[in-house]
Amino acid sequence: MRVKANCKINLGLDVLRRREDGYHDLSTVMLPVLGLYDVLDITPIEGAENEFHSLGLKVDCAPDENLCIKAARLMQQRYGVGAVCITLDKRVPFGAGLGGGSSDATAVLMAMNEIFSLSIDETTLIDLASELGSDTAFFVRNTPQLCEGRGEIMTPVEINLEGLWLVLIKPDEGVSTREAYAGVKPMVPEQSLVERLKSPISEWQGSVKNDFEPSVFAAHPVIKDVKQQLLDAGAVYASMSGSGSTVFGLFASKEQAEQLRRLTDYIYEL
């Protein structure tokens with residue numbers, strides 16, 4: 001079975017508080033980016049050991065530690081299904097705040113659900129995905145969602161960005177999730193993220209924020225510079241996605257977005 005595993009961006013990201021279990025409570029709206037995706041071929045094989053092969057962009061972890069393999073093992077343990085061979089054509093930048101690895105893992109869960117005719121319901125798939133990471137559950141629904149808790153508590157939201165153009169720029173520098181959380185200062189805002197997103201997009205820049213930006217920008221000025229480049233080019237809104245290092249801009253026209261073609265190939269109509 002061949003499947004596409006698209007990435008996401010975060011429209012606002014509030015880090016509310018640190019929890020007793022060491023995680024943080026978040027409030028963020030995730031939006032799927034259907035134009036940028038990895039391609040996975042997943043095929044049942046004989047034996048008990050799963051196989052993993054990667055093409056395209058380099059995957060920065062050992063095959064045995066890849067989330068795709070962890071997802072396959074989880075399905076074997078829970079449902080007693082056979083092994084699979086997974087070939088990943090990696091196109092979404094790794095460690096970019098775009099949820100590429102999480103999307104791949106969820107794609108494996110959902111593909112194995114179909115391949116082995118398990119008929120797992122959405123709620124159970126969300127629970128399974130949540131065991132693999134914080135962003136994975138979002139990709140079960142893969143529609144605009146308000147994500148809370150660690151990201152696994154989801155509520156559908158209506159976000160109309162039709163007619164806008166999305167530009168993604170991934171600097172050479174990377175930001176680990178651990179680094180991003182180490183520098184963040186949790187705070188509960190006076191107004192909820194959903195309420196702030198109800199205002200016109202032209203007003204988002206001053207209120208719809210990513211709480212990871214201050215510390216990440218201080219440690220990686222090049223990422224801050226990329227955001228400013230997007231705003232200088234006319235972006236109606238620009239922000240870092242997730243814990244970085246990708247920065248995105250929303251543009252009113254294709255002509256404005258294409259100004260950034262010298263810096264990136266990741267330009268999509270929403």
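Predicted model: local features only at pLDDT ≥ 70, side-chain atom pairs only at ≥ 80, totals over all residues.
User: What is the order of the strands in the open sheet, and why do E8 and E10 count as its edges?

Analyst: The 4 strands follow the order E8-E9-E7-E10 with antiparallel pairing. Strand E8 (237-240) and strand E10 (266-269) each have a single partner strand, so one side of each is left without a neighbour in the sheet. Two strands pair if DSSP finds at least two bridges between them. Strand E7 (residues 165-169) and strand E9 (residues 247-251) are joined by 5 bridges, and Val 167 has Gly 249 in E9 as its bridge partner.

User: Why are H2 and H3 called oblique to each other?

Analyst: The axes of helix H2 (residues 100-115) and helix H3 (residues 122-130) cross at roughly 140 degrees and come within 10 Å. Angles under 35 degrees count as roughly parallel, over 145 as roughly antiparallel, 65 to 115 as roughly perpendicular and the rest as oblique. H2 and H3 are therefore oblique. Their contact is made by Thr 106, Leu 109, Met 110 and Asn 113 of H2 and by Leu 125, Leu 128 and Ala 129 of H3.

User: Why is Asp 64 called partly exposed?

Analyst: The relative accessible area of Asp 64 is 44%. Buried means under 20%, exposed over 50%, and partly exposed in between (1.4 Å probe, protein chains only). Asp 64 is therefore partly exposed. Asp 64 is placed in the loop between strand E3 (51-56) and helix H1 (67-79).

User: What makes strand E4 (residues 83-90) largely enclosed?

Analyst: In E4, 6 of the 8 residues are buried, so the strand is largely enclosed by the rest of the structure. Strand E2 (residues 24-45) is joined to E4 by 7 antiparallel bridges, whereas E3 pairs with E4 in the parallel sense over 6 bridges.

User: How are residues numbered, and which values rest on which atoms and pLDDT?

Analyst: Residues are numbered from 1 along each chain as its sequence is written, and side-chain values use heavy atoms, leaving out hydrogens and water. Local features need pLDDT of at least 70 and side-chain atom pairs count only at pLDDT 80 or more, while totals for chains, interfaces and linings use all residues.

Note on methods. Helix = DSSP H or I, 4+ residues; strand = E, 2+ residues; numbered from the N terminus. Axes fitted to C-alpha atoms, helices over the stretch in contact; angles between N-to-C directions. Contact = heavy atoms within 4.5 Å.
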